[in-house]
Amino acid sequence: KNSKERDEMPEFETVTVETDLLICGGGMAACGAAVEASYWAKKNGLKVTLVDKAAMERSGAVAMGLSAINQYVDLNSGNNTLKDYCDYVRNDLMGITRHDLVANIARHVDSSVHLFEKWGLPIWLDENGQYVHEGRWQLMINGESYKVIVAEAAKNALGTENIFERVFITKPLMDGGKCVGAVGFSVRENKFYVFKSRATLVSMGGAVHVFKPRSSGEGAGRAWYPPWNAGASAYFTLAAGAEISNPSSPV
């Protein structure tokens, strides 16, 4: 029986793709990275390739839309400053923060929101034409098409020939202590993919409950995230780390 089952297994085609930058994932972070990377890649004759386990339009934690954008510092109005936001994050995480990274995010996030609006995201406006806020850092949006709009921008930037959808990345491709790509399989076709790259960016979803929030109530409130999160990047990172620390170990 086992021999018969082996004989009936389909033959998988191995597809090798070479690129300069490999982006693993198709959520909001990956789409944003694709837009930015493509801008610089085209100026320097480089190739950017994106691989997503699903369809980019509905992939990631915000795939079904949101009612609000959760971070908008609103620097132009003068109501908030970079320090205000950094202080908020530091308090929320009990002081365990990288101030420079938080400040860098806060410095650029407003322009990203303005870019989403330019791409077609409807943001609520009040009678004076100003953004409608809910709380200090949130903007209200008609977000059913949020991910669709951002995915379309990423696809336009990359070109469809550089996008591989419904390919599930399983492991990093290692050369000693250096990541030189990734491998995975198609969830629709009998194909195994080997992506070889000069640089690899992993944006495949985080691992929830790794860090303890400052209160149990707040932790319960954040528990909505796991159903949409495969935690794929956690395994990817651990596998790469194991290979770097012990090159002879199987990844």
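I count two residues as in contact when heavy atoms lie within 4.5 Å. I am working from a predicted model.

**Entry 1: Glu18**

I started with Glu18, which sits in strand β1. Is Glu18 buried or exposed? I looked up its relative accessibility and found 56%. Exposed means over 50%, so Glu18 counts as exposed.

Next I asked which residues Glu18 touches, leaving aside neighbours within four places in sequence. I found Lys47 and Lys196. I also checked Glu18 against Val194. The two are 176 residues apart in sequence. In space, their C-alpha atoms are 8.4 Å apart.

**Entry 2: the whole protein**

I then stepped back to the overall count. The protein has seven helices and nine strands. I noted 251 residues, of which 38% are buried.

**Entry 3: the cores**

How many residues does the largest nonpolar core have? I found 31. Ile23, Leu50, Ile69 and Tyr146 have the most contacts inside this core. I listed the elements that give two or more residues to it: β1 (13-24), α2 (28-43), β2 (48-52), α4 and α5 (146-158). Helix α5 gives the largest share, eight residues.

I did not count residues up to four places away in sequence. Ile69 then touches Val113, Phe116, Leu121, Trp137, Gln138, Leu139, Ile141 and Tyr146. Another core, of twelve residues, lies apart from the largest one. Among its residues I noted Val15, Leu22, Val167 and Tyr193.

**Entry 4: helices α3 and α4**

Last, I turned to a helix pair. Helix α3 covers residues 82-92, and helix α4 covers residues 99-119. They pack at an angle of about 130 degrees. Their axes are 9 Å apart.

Which residues make the contact? From α3 I wrote down Leu82, Tyr85, Cys86, Val89 and Arg90. From α4 I wrote down His99, Val102, Ala103, Ala106 and Arg107. I sorted the residues of this contact by type. Seven are nonpolar, one is polar and two are charged.

Key: Residues numbered from 1 in each chain as written. Predicted model: local features only at pLDDT ≥ 70, side-chain atom pairs only at ≥ 80, totals over all residues. Heavy atoms only, no water. Axes fitted to C-alpha atoms, helices over the stretch in contact; angles between N-to-C directions. Helix = DSSP H or I, 4+ residues; strand = E, 2+ residues; numbered from the N terminus. Nonpolar A, V, L, I, M, F, W, Y, C, P; charged D, E, K, R; others polar. Core = buried A, V, L, I, M, F, W, Y, C linked by side-chain atoms within 4.5 Å. Buried < 20%, exposed > 50% of the residue type's maximum accessible area, 1.4 Å probe, protein only.
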